Amino acid sequence: MKTMIPVRNDREKRRMLLATFSILPIFLYHFGFIIMPSIRTMYSSLTNWNGLGTRDFIGMDNYLELMQDPNFITAFGNNLKWMALFLTIPICIGIILGFALSGVTRGRLLFRAIYFLPYVISAAIAGKIFASFFNPYFGINVVLKAMGMDFLSRDWLSPGNALFSVAFVDMWHWWGFLLVLLLSALQQIDPMLYESATLEGAGEVQKLWHITLPCIKQTIIFIILITMVWSISTFEYVWVMTRGSPGSELLSTMLYKNAYMKYRAGYAGSIAVVQMFVSFLIFAGFGMLRKRLED
Amino acid sequence: MKKFILVGACLLLMSGLGFAAGTNDDGKAQVFEVSVNTTKDEQNKLYETVFQRFVDEYNKKYNTGYSLRFVSGQGMDIINTRMSSKDKPDIFTIDSPADANQFAKDGLLLDMTDYAVKNKWKESVFDWAYSLAQVNGRVVALPYGYEGMVLWYNKDIMKELGLNPADITNLEAYENAMKKAADAGYIPVMLGSQDWPWAQEWYLSILYSYTGRNLVKNTIEGKPGFTWNSAPFRKTVELYKSWHDRGYLADKRSYVLTSDDAINAFVGGKALFKLEGTWAPYWMMPLDAAERDKIGVMLHPAINSTERPHLPLAVGGMWCVSATTAHKDLAAYILTGLLGQDIQADFLNNGMDVAPIKVEKSSFNGLIPTVQVMWNMVNGALADGSFGYTTWAFYPPETRVYLYEGIVNVLENKLGIDQYLTQMDVLNKKELAQGFIPVIPASK
Amino acid sequence: MTLRRRLSSLTLIACLATVAALQILPLAAAFSNSFRTDKEIKKLPIGLPTRLNLDNYVKAWKIGGYSQAFANSVVVSVSTTAAIVACSLIAGFFLARVTSKFTHSMIIYFGVALSIPVFSFLVPVYYAFAELKLVNTLIGLILIFVATNLPFNILLARTYILGIPKELDEAATIDGCSTYQVLWSIICPISKPIITTIALIVFVSTWNEFTIANTFLQSPELKTAATRFVLFVGERGSDLSMVHTAAMVTILPIIVVFLLLQNYFIEGMTAGSIK
């Protein structure tokens, strides 16, 4: 429930002033380093900049072309698929395992360390390691065949499967990170809540649903938000493993190719602006949803 | 308490950095910066030694105080960024004449025509190389390395199938060989482009060039009456697709396998042919002798009666000098030095690109036999003038990217051949209209 | 413990262990591969080494120039981490505790800032740095890394601090603490879990960051560990044993940092439960 505070006393006013002065330098720092250069890119998206010297104003031509570009539509669709994958699988695994792990006392840190380990590997390295496992002749398929599970083997990096295979690798890397975030939030839950629930005869699943989830609501919302927003600009894993080949083209790989290989940096800029715009819509949508839920 | 120590230590670190990390040593000796795109340590060391030698010689000769700043691993993306910023290197590398085109159009390359004449570059380098060095008649870049598309084969499997490479020079013999290999359980042609989509364009370079060199030249140059969506090119793409459909091309996996997979499969004796260029010695030399000796090389057989087997050519890259450099004479001196015979042997032995000159025979002596055979073949072809056109050296950039991306959709039946070729034509014409100047030396 | 509880606790451990095994399998394979030769790996990607020697590691260390690269990476990562931890706590605290138009818009601002792709600011920042002569300096890289890591970690700190009961603040304020004193003596000790989390996240992200580091650092002696990895991945075809070895070499320091931070984390956990 939002309460309107009509009267602020002196201390609160002082605190607000302190907040403003403390945050302002950080804001200005970030603004100068990130936003202002991005504005420059936004401007270049209105030109036919080739990445070097040619830069003539062409208005919205890039955007008009983008809307009709089949590559763009494919890439955007792939980003949405990616988002769908990451909004479901890693988050569920993270919550379930986080809950399970918080109930374990011995070895908890060891488990946490092992689950987090893949996050520590850089995309280039993980990509190369998994690429060798996806090799049709000498990779996982050989192992599956030896175990008699040949029906599971497939062309992991074929255009139809490439996106999911790369997403799998990124998920392997990512959900440990979510787990750590969730564990931090889970620590904050008052253990007494669980105890009183157990006394009333609640089962594990009920505890999860009625106590855990509501308490970590803020963190989950945060995770959903960053997942959605980062799905739009994800780049490294796809680039390292498939270079954005057909079937796994993303907005970011399309951007890279246009900027650095096709000499169409202005066009690439328009893709970057679209990415920012979509993320902004997601954020705005979230804000509106929250307002509506709170009323 | 601990926090203070930590924060204090960091502040100390950072202030130390402020002094240590400013490697822009202006005020000291004049700095001359060379940027290369190689990433391997031995290659970088060789380059640095060579450049340092030239700088020292120049300093001695002209009593100057230049110091060399050598940076490596800078690909086209970083070069693009640098050359549009205020932080331009003096000498840098670009990948192809198409790039030279773009850079020259924006006036970023030094016009070196006078130096070229004074230092007799025209006499030292191959004719085709000298024509590639020019945009609009002015010398703006110096090609280095010449590579071509060839066909590598497994000698043992050849013998086993009763085939003789010298006889495989036309389409019929080639398809026969592929069929025999497939029937015997081998993969006829191995290539992998998953992580290096350029591998598709390796084959298409050969096939389009073999469709007709003059045809390709006229089409790219946009001569009236020539279009990509014409019968000869359609026939070629249909041929390529038919090979794919029959499983001849890496068992329909040419865009699923990574380049490593393809190399491994070939070396592991799974395939008869491997499609790769004359840079393959790069991964061949570290193999052990038994595996290496199994590998042979040949020119790709002809696919029609118009063109005989030839070597689709590319340059490894081009040396360029920034138009805003303050040290033109030193730059010209260095570039001229790179054409010298004395350093080519070292480059060859390190698997690096040589200058486009007639390298002395003795420089090739340190190489393994297969590689020597390859160079004989290449040099012979070039001396004849019978070279063809690779996509990455001669085609306009956007057309080129579409060429190797679109073909996968064609192979997957998601794109019709008509649409594919028409779109290529559209892009080609668009780039010509935007000022792309084809530099395609005529071949014999 | 009843039998039923013991069984369910065992199954729980079993499940957790299975997941852990799957999670670590690729790394274990890479670790094993770092002791094998390239040829062995190309014959069979997952297998046990025949000989145990450190040849690959020595080779990788020398070729990679890792001693210098590590030093650089440490400087960059530690500095960035320290700066981000400080800024996140301060900003996160105010954004969590103070409701005003300003803080509200800051929350939205940093949220939106999360979505800005690297490529939209990479090149313009390079231009600016070229003029300021900050290109090819570690300081320049640190400045950028701090900027890129601010939004996420500020919001993360805020989310965590929202979970700290306001009563603690108020109790301290009544006792006469100023706002910053509340931050320092009350919030920080309880926030040890999130501090270690933020430190770990920032350290890892700066250690592994490639695009920006590769663009802004040019001289070999300044390059960070992540950028050295390309030395082992040739343009066409790579020595897989080197790739796996380099992977191991690059991971090692982070594991060390992780283990160090774990102890700090334990302190925080026990402190948090004491109210």
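Helices and strands here are DSSP runs (H or I, at least four residues, for helices; E, at least two, for strands), numbered from the N terminus. I also note that the expected span of a helix is 1.5 Å times one less than its number of residues.

Housekeeping: this is a predicted model, where local features need pLDDT of at least 70, side-chain atom pairs count only at pLDDT 80 or more, and totals for chains, interfaces and linings use all residues. Residues are numbered from 1 along each chain as its sequence is written, with chains lettered from A and ligands numbered from 1 in the order in which they are written.

**Entry: α9 of chain B**

I looked up helix α9(B), residues 171-183, and found 13 residues reaching 18 Å from the first C-alpha to the last, close to the expected 18 Å. Which of its residues are buried? I find B:Tyr174, B:Ala177, B:Met178 and B:Ala181; buried means 20 or more other C-beta atoms (placed from the backbone) within 10 Å of the residue's own, exposed means 12 or fewer, and partly exposed is in between. Seen down the axis of α9(B), these buried residues fall within an arc of 95°, so they line one face. That arc is taken from the directions from the helix axis to the C-beta atoms. An α-helix has 3.6 residues a turn, so residues three or four places apart point the same way.

The face of α9(B) turned away from the buried side has exposed B:Glu172 and B:Asp183. I see the buried residues packing against α8 (155-160), β7 (187-190) and β8 (271-277) of chain B. Just after α9(B), B:Gly185 has a positive phi of about 90°.

**Entry: B:Trp121**

I placed B:Trp121 in helix α6 (residues 121-124) of chain B. Why call B:Trp121 buried? Because 22 other C-beta atoms lie within 10 Å. Setting aside neighbours within four places in sequence, B:Trp121 is in contact (C-beta atoms within 7 Å) with B:Ala116, B:Tyr130 and B:Leu339. I also noted B:Ile357, 236 residues away along the chain, with its C-alpha 9.7 Å from that of B:Trp121.

**Entry: domains of chain B**

The domain assignment, which is automatic or from a database, gives domain 1 (26-146 + 315-368) and domain 2 (147-313 + 370-433). Their C-alpha centres lie 30 Å apart. I get 13 residues of domain 1 in contact with 18 of domain 2.

**Entry: chain A**

Chain A has 13 helices and zero strands. Buried residues are 47% of its 295 residues.

Definitions and conventions: Two residues are in contact if their C-beta atoms, placed from the backbone, lie within 7 Å.
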